[in-house]
Amino acid sequence: MAVASDVPKESFRLSMLIYDTRYRSITIQIFVLILFALFLSWLVSNTISNLAIRGKEFNFGFLWSRAGYDIGQAIIPYTNDSTHFRALLVGLINTLVVAVLGCIFATILGVIIGVLRLSKNWLIGRLMTVYVEMFRNVPLLLWILLSYVILSETTPQPRDFRVTDEMAAAGTEPAASMMIFDTVAVTNRGTNIPAPLFNVDLGSVDLGVVSINLTILAYILVIAGSVWINRRILASARARQEATGDRPVTWWKSILVLFGPVIALSVALGLHLEVPELKGFNFAGGILVAHSFTALLIALTLYTAAFIAEIVRAGILAINRGQSEAAFALGLRPGRTMNLIILPQALRVIIPPLISQFLNLTKNTSLGIAVSYLDLRGTLGGITLNQTGRELECMLLMMLIYLTISLIISSLMNLYNSSVQIKAR
Amino acid sequence: MEKHFARTEMLPPMAPPVTERGVVKWLRENLFSGWFNTILTLVGLWVIYTLVTAALPWWLNSVWTAGSLAECRDIVVATAGEGATGACWAMIRERWHQFIFGFYPAEAYWRPVLAFGLLFAALGPVLFAGQKRNLTVLLAGVAVFLLVTLVPAHAPLAAVVAAVVLLAVSLGLAQVAPGKLLWFTAVFPALCFWLLWGGSVWTPIVAMLGFAVMGGAYLALVGRLGPTSSALIGVFLALLWWLFLDVPLTGVIDGVLPWGLMSVNSDQFGGFLLAITIGVTAITFSLPIGILLALGRQSDMLIVKTLCVGFIEFIRGVPLITLLFTASLLLQYFLPPNTNFDIILRVIILVTLFAAAYLAEVIRGGLAALPRGQYEAADALGLDYWRAQRLIILPQALKISIPAIVSTFIGLFKDTTLVAFVGLMDPLKGVTQIVRADINWKGIYWEPYIFVGAIFFVICFGMSRYSMYLERKLKTDHR
Amino acid sequence: MSDVAIDRSKMKVSDEVAIQIAGMNKWYGTFHVLRDINMTVNRGERIVICGPSGSGKSTLIRCINRLEEHQQGQIVVDGTELTNDLKNIDKVRSEVGMVFQHFNLFPHLTILENCTLAPIWVRKVPKKEAEETAMHFLRKVKIPEQANKYPGQLSGGQQQRVAIARSLCMRPRIMLFDEPTSALDPEMIKEVLDTMIELAEEGMTMLCVTHEMGFAQAVANRVIFMDQGQIVEQNEPKEFFNNPKSDRTKLFLSQILGH
């Protein structure tokens with residue numbers, strides 16, 4: 001043990017803070033933490049003195065004062081007498097409406113394009129490649145502005161839809177006509193679509209902040225019930241297959257259960273459509289959808305669909321040919337191979353980037369400001385901010401809301417990821 | 001058939017049946033295999049037909065010289081008949097300089113043009129490292145571009161001569177010592193800044209001296225103190241230089257030798273000049289920051305990791321627009337009272353941080369894909385953390401993530417259009433709105449959007465093709 | 001392999017101590033992987049460590065250049081104790097070469113660059129000199145013609161020989177081998193073993209975790225058998241194989257030589 005005793009007993013030296021693996025990382029971290037704390041306190045003290053210079057204070061009381069501006073598209077009741085907080089809610093709902101519709105449409109379109117791009121058809125493959133490259137390599141803002149300009153500057157005025165007595169006598173057609181069985185009219189003021197109306201009004205329950213429309217509630221309950229019953233049917237079919245090896249036919253039961261109750265409810269409530277009609281120089285009845293909304297939705301859908309198409313394509317390509325060959329060799333038919341072998345694996349590859357595209361789309365709704373769409377950015381971060389002059393509060397609150405939405409979506413993604421993780425050593 | 005069949009003579013190979021060869025086979029396999037494919041083909045043909053019949057006359061009837069949209073339409077009607085449509089490129093012809101330069105003074109157009117040309121000369125040694133031929137072609141291309149463009153852009157003779165000499169020297173160096181060209185790449189940012197914004201020539205030079213101080217301190221100390229501490233001391237000294245010495249020193253030298261170019265204000269920037277300035281600067285600076293953030297996120301030091309994760313998730317969780325508004329509205333709260341610095345610079349800082357957070361996530365993916373053995377082998381050879389990262393880990397991690405890095409860059413470049421919302425004149429919304437507000441061009445929309453969109457498309461598509469080329473070139477791990 | 005003619009004349013063992021391990025313990029969490037390891041390796045010794053999988057033999061040699069951290073006891077390599085001091089760790093690592101089971105060559109660098117990287121950056125050797133050294137060792141492992149290829153273009157055996165050359169370029173005084181032939185196809189094992197035998201003939205101090213018992217008999221001057229994180233038996237190869245003392249060793253040898 002001669003060598004061992006040669007090594008001197010160590011005592012603490014200052015240089016050990018850097019060169020000793022035990023202390024090194026702690027030293028660095030404390031150093032970083034101090035720097036960060038200094039930076040933070042610098043920011044806060046600057047902010048405090050700047051607020052003092054401007055004679056402002058930091059509080060959110062302004063949210064409960066009168067907003068005083070109108071919002072064209074308000075899904076919950078809103079007037080210019082409502083509070084800024086109410087305006088914020090309206091904006092948030094507008095953001096979410098575009099985001100959800102955009103995600104749905106972009107997914108449908110993206111899946112179609114992605115699959116078609118892989119098709120053996122040379123022409124279609126090329127067309128889809130052109131689509132994807134065209135939309136991916138040009139800014140989203142261009143598509144929003146272009147859609148808006150086309151909608152608002154090339155569409156006819158409402159009076160072009162008019163059929164005057166002379167025209168009727170002469171048998172000439174009006175300059176513009178409605179689409180889809182005369183139910184939809186696109187004018188330079190917006191798109192007039194039919195409104196669903198009910199003969200029986202179930203009323204609504206007021207819960208202070210929000211009032212819940214009982215008709216919508218009834219539909220939600222019925223649909224949820226149908227979906228639940230459908231799952232029971234499928235589960236019992238699976239149970240029977242596992243017990244006897246014979247899978248009963250279920251598709252007609254599913255259709256009946258999924259659509260029957262909704263149709264029955266609609267009939268009971270007397271659902272009918274109120275078609276917009278030309279009254280004088282403008283359309284009346286129905287719902288007027290602003291072009292800002294339509295343009296934003298179209299542009300977001302087309303743009304995001306290009307990215308989703310690439311994700312779908314990559315996901316399908318990622319599944320090795322051997323997988324489907326193995327399934328065919330086992331005697332599975334193509335449909336079953338797709339359902340049982342290819343899709344479960346492809347979805348594992350597709351879903352995570354797909355969700356991050358949803359996240360991008362949601363954040364991109366904030367570009368609606370380019371066409372004056374009053375979303376969260378337009379209400380809280382736009383008019384409210386300008387009227388009250390509370391940049392700090394409005395911006396922080398807005399970032400917080402966007403951050404919350406993003407974190408909710410990405411935590412859903414993490415949940416999904418951990419649930420489908422392939423078990424491997 | 002006989003029970004024991006044996007061929008007495010061998011058959012020569014035969015051509016396949018008509019349906020299995022040539023054009024017919026190609027058509028059958030690629031367009032008309034089965035009823036579904038046939039329908040698809042017909043639908044595709046119909047779509048192409050509709051697009052062509054709608055757009056082709058419009059393109060063919062293009063008008064190149066006219067003073068207003070109304071005049072354009074008159075010309076189209078006069079040449080192609082009543083009811084015909086035609087593109088009015090006369091607008092682009094009249095306003096192209098605004099799309100490219102914004103309100104940048106016309107007599108100084110040569111400065112951004114020169115900066116743009118030299119940008120490629122500076123990028124060359126990085127993009128084509130070790131490829132003498134490509135580098136030479138690129139530098140020669142830049143020289144030709146500058147010769148062709150500088151004179152029409154009213155460049156003073158001295159500038160043209162300087163550019164030609166610089167490129168001649170670079171071309172020479174590219175033949176003997178291409179590595180030395182990286183020095184030009186290093187000073188290019190300062191040169192570019194000076195060309196674009198003008199002002200005293202000493203401002204960028206003295207600022208660059210700060211880096212010289214940093215590098216000098218590092219080299220002098222690294223032998224005694226090790227890389228981490230000497231780097232920290234170098235950064236500290238450079239900060240001292242910039243905070244306390246920079247401005248007075250510049251003032252003194254400028255008083256003695258007042259050499260400089262005419263100053264151009266940030267609000268005169270616009271169009272693609274603005275987009276490329278913001279895009280290139282942000283791309284350049286976001287990559288190192290993104291790498292540091294990714295390393296921090298992979299670190300086993302809890303505090304460092306938490307800070308990096310927090311920063312990345314925050315930036316990725318909010319839309320870029322809100323960050324741009326932070327630049328324009330909130331920075332005045334966060335900075336010491338009465339500091340007021342350039343709006344373009346503020347925007348660049350926020351866009352850089354935004355891109356860095358996305359890059360960090362991309363690079364983290366690359367780091368995670370490396371096998372543990374690489375780290376162990378580097379350790380076993382005695383490489384310290386930074387050397388192991390620089391020589392072994394990062395080259396591989398970055399290579400894996402090239403496609404994702406480039407698509408982040410493409411996204412960043414497209415996002416530069418959003419600066420329109422903080423009052424800067426981007427080509428898409430800013431300039432187009434100005435043009436469309438002009439009484440002469442009111443109502444024009446396809447032409448400006450096609451023009452701007454096409455330029456964006458060329459740049460972004462070019463970047464994505466380059467990344468594919470790079471990926472193929474760097475593939476070393478195949479047999 | 002035992003009857004291969006091997007020149008043992010140069011394989012002298014000196015009295016100088018190269019590695020000294022005393023009372024060393026290591027845990028993974030609560031799992032006690034290495035239990036009271038005591039061993040001394042003299043300069044020029046060739047030691048083969050064997051044992052069933054999970055017996056801690058790889059962990060032991062990974063502790064010697066601090067790829068793993070031990071919690072108790074002492075490891076002294078070439079007079080430098082492995083403590084938490086980074087300078088000591090760097091010193092030991094530049095003196096000790098290591099060859100891994102999966103080669104761990106750097107796939108983005110050519111063979112030559114793989115070999116010159118550490119000498120240039122750690123030893124501060126001029127590039128030209130480093131390249132000459134690298135070519136010298138590549139010739140020695142008999143693949144100088146592959147110098148400008150990338151690792152992915154070589155066979156497994158060639159890659160492992162490059163890995164040996166890469167370690168040698170640092171002019172190590174001790175070489176550690178962590179199952180160098182386990183990831184190789186049978187016909188490639190021989191070329192790697194030949195390289196290692198040549199190295200042994202030149203008097204390199206070697207610690208080798210391997211199941212190649214032929215190599216152990218031919219080259220080693222000591223075989224160490226480990227089980228459950230302990231050194232169960234160590235002896236000269238002849239004694240070890242012909243006359244094992246412990247029952248565990250007998251069982252292990254019967255399993256490994258029995259087929």
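Which element of chain A has the lowest mean pLDDT, and which the highest? Colour this predicted model by pLDDT and look. Helix α1(A), residues 2-6, has the lowest mean, 43. Helix α10(A) has the highest, 93. Now select residues 1-8 of chain A. The pLDDT there is below 50. Beyond near neighbours in sequence, this stretch makes eight contacts in the model. For chain A as a whole, the mean pLDDT is 84, and 95% of the residues reach 70 or more.

Next, show both chains and select the interface. On chain A, 58 residues are in contact with chain B; on chain B, 57 residues take part. Together the two chains bury about 5,200 Å². Carbon and sulfur atoms account for 73% of that area. Pick out Gln29(A), Asn137(A) and Met399(A). These three supply 11% of the area that chain A buries against chain B, more than any other three residues.

Turn to the polar links. Between chain A and chain B, 18 residue pairs are in polar contact, with both residues at pLDDT 80 or more. The interface also holds two salt bridges. Zoom in on one of them: Glu133(A) and Arg465(B) pair through their side chains, at 3.8 Å from N to O.

Now colour chain A by helix. The largest share, 17 residues, comes from α3(A). Finally, colour that side of chain A by residue class: 36 residues are nonpolar, 12 polar and 10 charged.

Definitions and conventions: Residues numbered from 1 in each chain as written. Chains lettered and ligands numbered in written order. Heavy atoms only, no water. Contact = heavy atoms within 4.5 Å. Buried area = accessible area lost by both parts, 1.4 Å probe. Salt bridge = Lys/Arg side-chain N within 4 Å of Asp/Glu carboxyl O. Polar contact = N/O pair within 3.5 Å; in protein donor to acceptor, adjacent residues only side chain to side chain. Helix = DSSP H or I, 4+ residues; strand = E, 2+ residues; numbered from the N terminus. Nonpolar A, V, L, I, M, F, W, Y, C, P; charged D, E, K, R; others polar. pLDDT = per-residue confidence, 0-100.
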